[in-house]
Amino acid sequence: MPKTYADLMQKFDDLGIKVSTIRHAPVFTVAEAQDLRGQVPGAHTKNLFLKDKKDNFFLVTVDEEAQVDLKTIHTRIGASSRVSFGKPEKLMEYLGLVPGSVSVLGVINDEEHQVKVVLDEALMHNEIINAHPLSNDATTSIGRHDLLRFLASTGHEPLILKIDESNPT
């Protein structure tokens, strides 16, 4: 059974991590989520649940405006082949999430460490990072260093790589 919002908040409390969460109508796309800007400061994320031909799974988290080249990303993230989107069944099995709610915070459910986490280095220049707290009807704001501490507590040491093709630096 996947962890709940309450479980996630308890994990943050146990780690001494302060977050803030706002509830809103469910959003399924970055465009829909952008209607909320102004209410929630910080960087807003886009998440890609990917797999290679050897069934290695990756969760790539970038800024919502990032451009990701799916034809070449495999060379950066250590995939064995070109990648495709992971199936909804695997998304639920590994991260306890449904399409439209994909979030870096879903790794709380990946107790077997089946998913490699990749964070875009440009995203990590932001002090505050926003992500869905396991469902797409809320947004949780977490500090950059606290996000890394949370990931480490779940056994996920993220790769921090240049993924955004629109950012030349």
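1. The protein chain folds into five helices and eight strands (DSSP runs numbered from the N terminus, with at least four residues of H or I for a helix and at least two of E for a strand). Starting at the N terminus, their order is α-β-α-β-β-α-β-α-β-β-β-α-β. The radius of gyration, taken over C-alpha atoms, is 15 Å, close to the 15 Å that the globule rule gives for 169 residues, so the chain is as compact as a globular protein of that length. That rule is 2.2 Å times the number of residues to the power 0.38.

2. Please keep in mind that this is a predicted model: local features need pLDDT of at least 70, side-chain atom pairs count only at pLDDT 80 or more, and totals for chains, interfaces and linings use all residues. Residues are numbered from 1 along each chain as its sequence is written, and side-chain values use heavy atoms, leaving out hydrogens and water.

3. Of the 169 residues, 47% are buried (under 20% relative accessible area, with a 1.4 Å probe and protein chains only). Strand E2, residues 43–51, is mostly covered, with eight of its nine residues buried.

4. Which strands does E2 pair with? Pairing here requires at least two bridges found by DSSP. E2 runs antiparallel to E3 (residues 57–63) over seven bridges, and Asn 47 stands opposite Thr 61 there. Five residues separate E2 and E3 in a hairpin, where Asp 55 in the turn has a positive phi of about 60°.

5. E2 also pairs with E4 (residues 84–85), antiparallel over two bridges, with Lys 51 opposite Ser 84. With E6 (residues 128–131) the sense is parallel, again over two bridges, and Ala 43 faces Ile 129.

Key:
Buried < 20%, exposed > 50% of the residue type's maximum accessible area, 1.4 Å probe, protein only.
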